[in-house]
Amino acid sequence: MTRFTEDDLTCDAFLGGKLHLWQPRRGRGYRAGVDPVLLAASIEAKAGQSVLELGCGAGAAVLCLGARVPGLTLTGCELQPAYAELARRNGGAALEVVEADLTEMPLHLRQRQFDHVLANPPYFDRAASVQSRDPGRETALGEATPLRQWVRTAARRIKPKGQAHFIHRAERLPEILAALPHEMGSVEVLPLASRAGRMPELILLRARKNGRGAFRLYHSFVMHRGARHEGTAIAMCRKSKRSCAGGRRWSILLLKRFFTNFTPMLRCRVTCGSRCGPLKFHTPIMEDCMALNAHLDTLKRKHQAMSEAVETAQRAPGMDDLKVASMKKEKLRLKEEISRLSS
């Protein structure tokens with residue numbers, strides 16, 4: 001595809017104005033949305049580490065990560081020359097951009113390994129979807145390179161104990177898991193649901209090279225409050241009076257959320273706004289189930305002990321009737337709690 005002209009572009013603000021990116025106007029090419037911002041927010045990088053993004057486009061994900069965590073060495077690999085040019089313009093000296101197909105990386109990139117490799121692969125298998133008329137959007141959204149190739153390429157570029165990070169459609173999760181090489185372990189999956197009670201549409205997945213941790217599936221992160229678009233946990237695409245090049249200013253704000261368990265309250269704050277905090281993977285579903293089962297076992301033992309105490313008290317001569325009634329009330333309360341948690 002041809003290079004973009006200045007009239008084809010807007011300069012948009014991300015992370016509450018901490019980062020500005022040049023990208024195509026609507027109808028002129030692929031524009032970054034919330035997905036790369038969420039991907040960047042989920043990465044627990046540290047200053048001094050190296051990061052590679054496969055298919056970096058205009059650089060939204062890798063530059064959002066760099067804006068949140070200073071001191072990273074950032075590299076992006078992009079197939080389309082026009083978008084690689086935008087990434088260089090957006091990142092400047094902070095981002096090395098390699099213009100290449102991820103299946104045919106140049107030798108100097110194949111010889112390097114990184115602490116973190118991230119990717120937002122094209123979501124749609126064109127055998128079951130309609131192709132976009134715009135070449136840039138089609139390359140970003142339509143799967144020309146198989147998903148398994150993205151996963152395996154990412155795994156090869158990771159240092160020992162480094163991590164791979166993906167965001168993708170929830171229905172493609174089995175393919176990603178199947179494509180992970182045997183050396184990739186400690187797999188964690190965070191589903192992303194638009195609203196409470198709805199099926200997750202996207203997932204965040206990370207895996208560690210030579211990791212030995214058990215697979216973890218987390219509770220869905222709910223991005224909007226309520227049944228309708230009122231009072232959101234994600235405030236996105238807000239117009240601002242101050243924008244550069246007459247473009248629309250985007251602001252992504254993930255508000256504070258709290259997650260509770262049977263044990264002390266766990267706090268998970270996600271702020272991809274001006275404070276640019278990380279999106280934490282929180283308490284796993286499986287750990288919650290284990291805690292629930294243990295709690296039920298404790299209640300059942302207490303109920304059994306109370307039943308035996310009531311029978312003993314009823315047989316004892318001269319037992320206070322009020323005390324027996326109190327014990328029966330406690331026994332009933334335990335039974336109701338067991339029934340509620342078992343349903």
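Biologist: What lies 2.7 Å from a polar atom of the side chain of Arg 31?

Modeller: The backbone oxygen of Pro 24 lies at that distance, 2.7 Å. A polar contact is a pair of N or O atoms within 3.5 Å; within protein, one must be able to donate a hydrogen and the other to accept it, and residues adjacent in sequence count only if both atoms are side-chain atoms. This is a predicted model, in which local features need pLDDT of at least 70, side-chain atom pairs count only at pLDDT 80 or more, and totals for chains, interfaces and linings use all residues. Residues are numbered from 1 along each chain as its sequence is written, and side-chain values use heavy atoms, with hydrogens and water left out.

Biologist: What joins the side chains of Arg 31 and Thr 10?

Modeller: A polar contact of 3.0 Å joins them.

Biologist: Why does Arg 31 count as buried?

Modeller: Buried means under 20% relative accessible area, exposed over 50%, and partly exposed in between (1.4 Å probe, protein chains only). Arg 31 has 11% relative accessibility, so the residue counts as buried.

Biologist: Why is Glu 44 called partly exposed?

Modeller: The relative accessible area of Glu 44 is 38%, so the residue is partly exposed. Contact means heavy atoms within 4.5 Å. Leaving aside neighbours within four places in sequence, Glu 44 is in contact with Gln 49, His 116, Arg 206 and Lys 280.

Biologist: Why is the pair of Phe 4 and Tyr 83 called edge-to-face?

Modeller: Rings of Phe, Tyr and Trp (its six-membered ring) pair if their centres lie within 6.5 Å; planes under 30 degrees apart count as stacked, over 60 as edge-to-face and the rest as tilted. Here the centres are 5.3 Å apart and the planes at 90 degrees, so the pair is edge-to-face. Both Phe 4 and Tyr 83 are buried. The count by this rule is one aromatic pair.

Biologist: What lies over the face of Trp 22?

Modeller: Arg 89 does, at 4.1 Å from the ring centre. A charge sits over a ring if NZ of Lys or CZ of Arg is within 6 Å of the ring centre and within 35 degrees of the ring normal.

Biologist: How many residues has the largest nonpolar core?

Modeller: A nonpolar core is a set of buried Ala, Val, Leu, Ile, Met, Phe, Trp, Tyr and Cys residues joined through side-chain atoms within 4.5 Å. The largest has 41 residues, and Leu 65 is one of those with the most contacts inside it.
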